[in-house]
Every structure is written in structure tokens, then in C-alpha cells.
Amino acid sequence: MSKENLKMDVEIQQKLQASSAVTSQSNAPQDYEIDLRELASAIWQGKWLIICITAIFSVTSVFYALSVPDEYESTVLLAPASSSGGSGLSKLAGQYGGLASLAGINLGGSGGDDKVAIAMEIMKTWGFLENFIEKNSLQVPLFAATGWNRANNKLIVDPELYDETQKKWVREFNPAKGQKAEPSSWELYQKLKDRISVSKDSASGLINLTVEYYSPELAKKWVELIVKAINANLKKRDRDEATKSIQYLQEKIQETHVSDMQSVFYQLIEEQTKTLMLAEVSEEYVFKTLSSAKAAEVKSKPKRLLIVVLGCLLGGMLSMMMVLIRYFLTSTK
């Protein structure tokens, strides 16, 4: 009898557990499964909202694409200029590099690859581009120009920034922030830096220098001027360094009476003189032009079709997200 009572108690407990599980499942919130047909139906119901928002984005992207002025790029292909004094200096660097370094003379920086790397980095610096802008009077074309008139081959200047008749800057500025009507050196540097691209082919070692601007003629002119400016910059640096080195070595020759040391100093003077002569004679000191720049006939940007397509896609995606979010919010309620 006790066994039957025990069996009945076990059955009653099992039934109670089952009923409690059913009750908890009925009280728990139902999980909503995503149905593709349901989503398609929701998108179809909000089709007019999707069409309207996509149309707005499309029209806006068309107007924006048409408002962006055309820009043209001009590219020059450069090669490292060969240096006749490089081999001699490299030999001396192996023999008397330590002595030369004590004398403050650099024999290891005359290689072509080193000069090219230095020149490529200098072209990106603030100081070089600042001097380039001032020397060629590029303030107005860089900061105030907003386009190019192909008919009369003239830049379009924003009258709210620069008054062409009075040759005066008229842009609004905040003196509290240290601003002036005339753009600062930093502002001009940022404008020009964004228009210059320098790249080196790792396989061939050739350098591509590209300038992008509204006017194809000015883009061609600027890229040629940059090549001349960087060659002149490195040439002046090496010329000044060689002149100082020669003066220093001549002084050391007068001070020492050891014939071997004097012989070393004379060899160093000879190599520095070669560097000085090369800097004086060579026009293409660092970069040698392989393919000269040309005035482009086809614009490089903007890609108007791409802008319109991206605008349509963005409008369609945002509108569908809005429709689906609204659907899920209403279905949850």
C-alpha cells in the first residue's frame, strides 16, 4: 500500500511540474521570427515613402554633382639624376668615414637614392610649399578660385573672398581667433598639399608627380615649377654644405703638419669640389624629367555618374531602414 502511495505522489509531482512549465511558457513573451515575406510586405506597404526619399536623394545628388567644378590633373614622370661624384664619395666614406664625421662632413648622403627620398619628403613639407606659394604668387588661385572658365581660359574667383578690381582680400574673419582677411600660411599650405601627389614605383624606381587643379594649363605649369623648385632646393643645400666643408678642410690643412692627414684632407676637398661643381652646372640635380607634363583635355574629377548612383543607393537604403524600423515598432506594440 505504501508503494502505491509513493507511486501516486511521484505522478502528482510530475503533473505539477509539467503544468508549471506550461504556465511559465504561456506567461513568457513570444519570440518574433523574421519572415521574409512579412518584410517584403512591409517594404511594399511603405513603397511610396521609399520612392519619395530616394527621389529626394537622387535629385540632391544630381544638383551637387553639377555644382562641383571640373578638375584636371597633370603628371610628370621623373627619374633619379645620376651623380658623377657619388662613387668617389662612397669610396672615401669607406676609408675615412669616421674622420669625416668627426670633422662634421657627411660622405654617406650623396647617393642618388638618398637624395630622391629626401626630395620626396621635402616636397610635402610646410616650409617648402610655403616658399613655393610666395615665390609664384599662388595665394589667390589656391584660396579664392572656385573654378575655371574654359571659354576665356580664366579662373573663376569668389568675390566674397577676393576683390579682383581692388586686388584686396575681403573674406570675413574673426580677429579673436587670430584670423585675418588674407589667408594664413597654414591655410595656403593645406590647399596646395591636397592638390599634390608624389608616388614612387618600387619596381622601376621612377617617380610620378601629379598636380590637380581647375585649370589644366595651371596644373601643367605648377608641376613643372615644383620640379624646378625641388631641384634648386637640394642643389642649394648641397652647394652650401660643400662650401662650408671645403672652408673647414682648408683650415684644418693649415693647422696640421702631418703629411698623411693633409693628404686625406686634400682628397676630401677634391670630392667636395666635385659636388660643388656638379651643383653649379646641373639643372636637373635630383630629378631628371623622362616624360614632361601635358595640359589635360579630359577632367579627372568629379565622377558625376558615381555621385548620383551613390546618392540613389544611400537614399534607398535609408528609406528602407526607416520603413522597417517603423514596421517593427508598430508590430511590437
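## Strand β3 and I156

In this predicted model, I156 belongs to strand β3, which spans residues 154–157. Its relative accessible area is 41%, and I156 is therefore classed as partly exposed, since that class lies between the buried limit of 20% and the exposed limit of 50%.

Beyond its neighbours within four places in sequence, I156 is in contact with A144, A145, T146, G147, W148 and N149. One of these residues, A145, is 11 residues away from I156 along the chain, and the C-alpha atoms of I156 and A145 are separated by 5.5 Å.

## Overall composition

The chain contains 11 helices and 8 strands. It has 333 residues, of which 32% count as buried. Among contacts with a sequence separation of 6 or more, 73% are between residues 24 or more positions apart.

## Strand β7 and T210

T210 is located in strand β7, residues 207–213. The relative accessible area of T210 is 14%, so this residue is buried. The side chain of T210 forms a polar contact of 3.0 Å with the side chain of T75.

When neighbours within four places in sequence are set aside, the contacts of T210 are E73, S74, T75, R195, I196 and S197.

## Helix α3 and S61

Helix α3 covers residues 47–67 and includes S61. With a relative accessible area of 8%, S61 is buried. Its side chain reaches the backbone oxygen of S58 at 2.7 Å.

## Packing of α9 against α10

Helix α9 (residues 216–255) packs with helix α10 (residues 259–281) at an angle of about 155 degrees, and the two axes are 9 Å apart. Angles over 145 degrees count as roughly antiparallel, and α9 and α10 are therefore roughly antiparallel to each other. Their crossing is left-handed. On the α9 side, the contact consists of K235, D238, R239, A242, T243, S245, I246, L249, Q250, K252 and I253. These residues meet Q262, F265, Y266, L268, I269, Q272, T273, T275, L276, A279 and E280 in α10. By class, the contact of α9 with α10 comprises 10 nonpolar, 7 polar and 5 charged residues.

S245, a residue of helix α9, is among those that meet α10. It has a relative accessible area of 6% and is therefore buried. A polar atom of the S245 side chain lies 2.8 Å from the backbone oxygen of E241. T273, one of the α10 residues in the helix contact, is 28 residues from S245 in sequence, with a C-alpha to C-alpha distance of 9.5 Å between S245 and T273.

## Packing of α2 against α11

Helix α2 (residues 36–45) and helix α11 (residues 304–332) pack at an angle of about 115 degrees, with a distance of 9 Å between their axes. The range from 65 to 115 degrees counts as roughly perpendicular, and α2 and α11 are therefore roughly perpendicular to each other. The crossing of α2 and α11 is right-handed.

In this contact, E38, L39, A42 and I43 of α2 meet M320, V323, L324, Y327 and F328 of α11. The contact of α2 with α11 has 8 nonpolar residues, no polar residues and 1 charged residue.

## Packing of α6 against α8

Helix α6 (residues 126–136) packs with helix α8 (residues 185–193) at an angle of about 95 degrees, and their axes are 9 Å apart. This arrangement of α6 and α8 is therefore roughly perpendicular. The α6 residues making the contact are W126, L129, E130, F132 and I133. Those of α8 are S185, W186, L188, Y189, L192 and K193. In terms of class, the contact of α6 with α8 has 8 nonpolar, 1 polar and 2 charged residues.

How values were computed. Residues are numbered from 1 along each chain as its sequence is written. This is a predicted model: local features need pLDDT of at least 70, side-chain atom pairs count only at pLDDT 80 or more; totals for chains, interfaces and linings use all residues. Side-chain values use heavy atoms; hydrogens and water are left out. Axes are lines fitted to C-alpha atoms, for helices over the stretch in contact, and angles run from 0 to 180 degrees between N-to-C directions. Helices (H or I, at least four residues) and strands (E, at least two) are DSSP runs, numbered from the N terminus. Angles under 35 degrees count as roughly parallel, over 145 as roughly antiparallel, 65 to 115 as roughly perpendicular and the rest as oblique. A crossing is left-handed if the near helix is turned anticlockwise from the far one by less than a right angle, and right-handed if clockwise. Contact means heavy atoms within 4.5 Å. Ala, Val, Leu, Ile, Met, Phe, Trp, Tyr, Cys and Pro count as nonpolar, Asp, Glu, Lys and Arg as charged, and the others, Gly among them, as polar. Buried means under 20% relative accessible area, exposed over 50%, partly exposed in between (1.4 Å probe, protein chains only). A polar contact is a pair of N or O atoms within 3.5 Å; within protein, one must be able to donate a hydrogen and the other to accept it, and residues adjacent in sequence count only if both atoms are side-chain atoms.
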